[in-house]
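Hi,

Here is the structure I promised to pass on.

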Amino acid sequence: MTDPAAPSAVRIEGPWTHRDVAANGARFHIAELGDGPLVLLLHGFPQFWWTWRHQLTALADAGYRAVAMDLRGVGGSDRTPRGYDPANLALDVTGVIRSLGEPDAALVGHDLGGYLAWTAAAMRPKLVRRLAVVSMPHPRRWRAAMLRDARQTAAGSYIWGFQRPWIPERQLTADSGALTGRLIREWSGPRPPEDAAVETYQRAMCIPSTAHCAIEPYRWLVRSLARPDGMQFYRRMKRPVRVPTLHLHGSLDPVARTRSAAGSGEYVEAPYRWRLFDGLGHFPHEEDPAAFSTELVNWLRDPEPDR
């Protein structure tokens with residue numbers, strides 16, 4: 001369960017409202033703002049819901065109910081002993097949609113959150129109205145690139161390093177989360193998040209058990225590559241996405257190479273729009289929040305997004 005110290009570190013004040021919702025056997029912290037069609041925002045590693053602070057206000061101003069959730073094991077959500085495979089994490093996401101009383105949602109996911117957004121759209125298509133993925137290839141593209149593209153394998157070296165027991169957790173939390181801050185700065189383009197924002201992510205990573213839970217999905221992704229459960233998951237992900245999809249990527253992303261992400265549209269049997277942000281890195285929604293939010297809102301408002 002969540003450490004008592006978590007609220008002060010992750011329930012950051014703002015125009016949004018904080019609350020907890022139950023879904024898929026766990027409790028999830030959300031921050032929400034605005035009224036209208038639901039847009040559910042999914043953060044990536046090594047962050048938490050707060051990475052979407054700019055988009056929460058932009059989406060609410062545009063007439064949407066914007067909700068940013070903390071993934072299982074991160075931020076203010078429950079830290080359960082198991083359940084960090086992508087299929088179960090995607091059920092967390094769709095369960096939150098149901099718990100919010102909505103028939104469906106536009107999913108917006110970054111990094112690991114993008115991986116889960118791809119997964120949810122394939123597994124529970126009736127609950128996903130639209131899909132926007134940031135800095136993450138389709139799961140099958142990611143798998144192929146990590147195994148066959150030497151440059152992507154090198155870019156994802158941190159994921160291979162996560163396979164060691166306990167050492168990565170200690171590294172992420174040492175010196176008040178200094179490694180977390182360094183990763184965010186190194187993965188950003190020339191306009192990284194401000195120091196105060198980076199320190200916020202460092203504090204959140206240092207909440208007990210957070211580092212372990214944040215790493216567990218990556219351990220599953222690698223260790224399951226040759227296991228029956230992993231092969232079954234990747235077979236399931238052959239199922240095409242049948243909702244309009246916006247794929248956003250920074251041209252300078254050093255973690256998920258542009259070459260790895262481009263081509264994910266082959267798994268989308270619906271309008272698919274690829275948007276490359278020139279001069280941005282792995283966190284385009286934070287590096288240039290105005291341009292990112294404008295792109296996202298305009299696409300959500302477009303009644304017929306074309307290829």
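**A few things I found**

Let's start in the loop that runs between β3 (38–42) and α2 (53–61), which is where Pro46 sits. Keep in mind as you click around that this is a predicted model. The peptide bond leading from Phe45 to Pro46 is cis, and its omega is near 0 degrees. That deserves a second look, because most peptide bonds are trans.

Most residues other than glycine have a negative phi. Asp111 isn't a glycine, yet its phi is positive, at about 55 degrees. You'll find Asp111 in the loop between β5 (105–110) and α4. Is Asp111 buried or exposed? Its relative accessible area is 1%, so Asp111 is buried.

Asp175 also has a positive phi of about 55 degrees, and again the residue is not a glycine. Asp175 belongs to helix α8. With a relative accessibility of 67%, Asp175 counts as exposed.

While you're at α8, check how it packs. Two packed helices are described by the angle between their axes and the distance between the axes. For helix α8 (residues 167–187) and helix α10 (residues 210–223), the axes come within 9 Å and cross at roughly 135 degrees. α8 and α10 are therefore oblique to each other, and their crossing is right-handed. Which residues in α8 and α10 meet? On the α8 side they are Pro168, Glu169, Leu172 and Thr173, and on the α10 side Ala211, His212, Ile215 and Arg219. Sorted by type, the residues of this contact come out as 4 nonpolar, 2 polar and 2 charged.

Last stop: the inside. The largest nonpolar core has 103 residues, and the ones touching the most other members are Leu40, Trp49 and Leu107. Which helix gives this core its largest share? That's α4 (residues 112–123), with 9 residues.

Leaving aside residues up to four places away in sequence, Leu107 touches Leu40, Leu42, Val93, Ile97, Ala117, Ala120, Val128, Arg130, Leu131 and Ala132.

Cheers

How values were computed: Residues numbered from 1 in each chain as written. Predicted model: local features only at pLDDT ≥ 70, side-chain atom pairs only at ≥ 80, totals over all residues. Heavy atoms only, no water. Axes fitted to C-alpha atoms, helices over the stretch in contact; angles between N-to-C directions. Helix = DSSP H or I, 4+ residues; strand = E, 2+ residues; numbered from the N terminus. Parallel < 35°, antiparallel > 145°, perpendicular 65-115°, else oblique. Left-handed = near helix turned anticlockwise from the far one by under 90°. Contact = heavy atoms within 4.5 Å. Nonpolar A, V, L, I, M, F, W, Y, C, P; charged D, E, K, R; others polar. Core = buried A, V, L, I, M, F, W, Y, C linked by side-chain atoms within 4.5 Å. Buried < 20%, exposed > 50% of the residue type's maximum accessible area, 1.4 Å probe, protein only.
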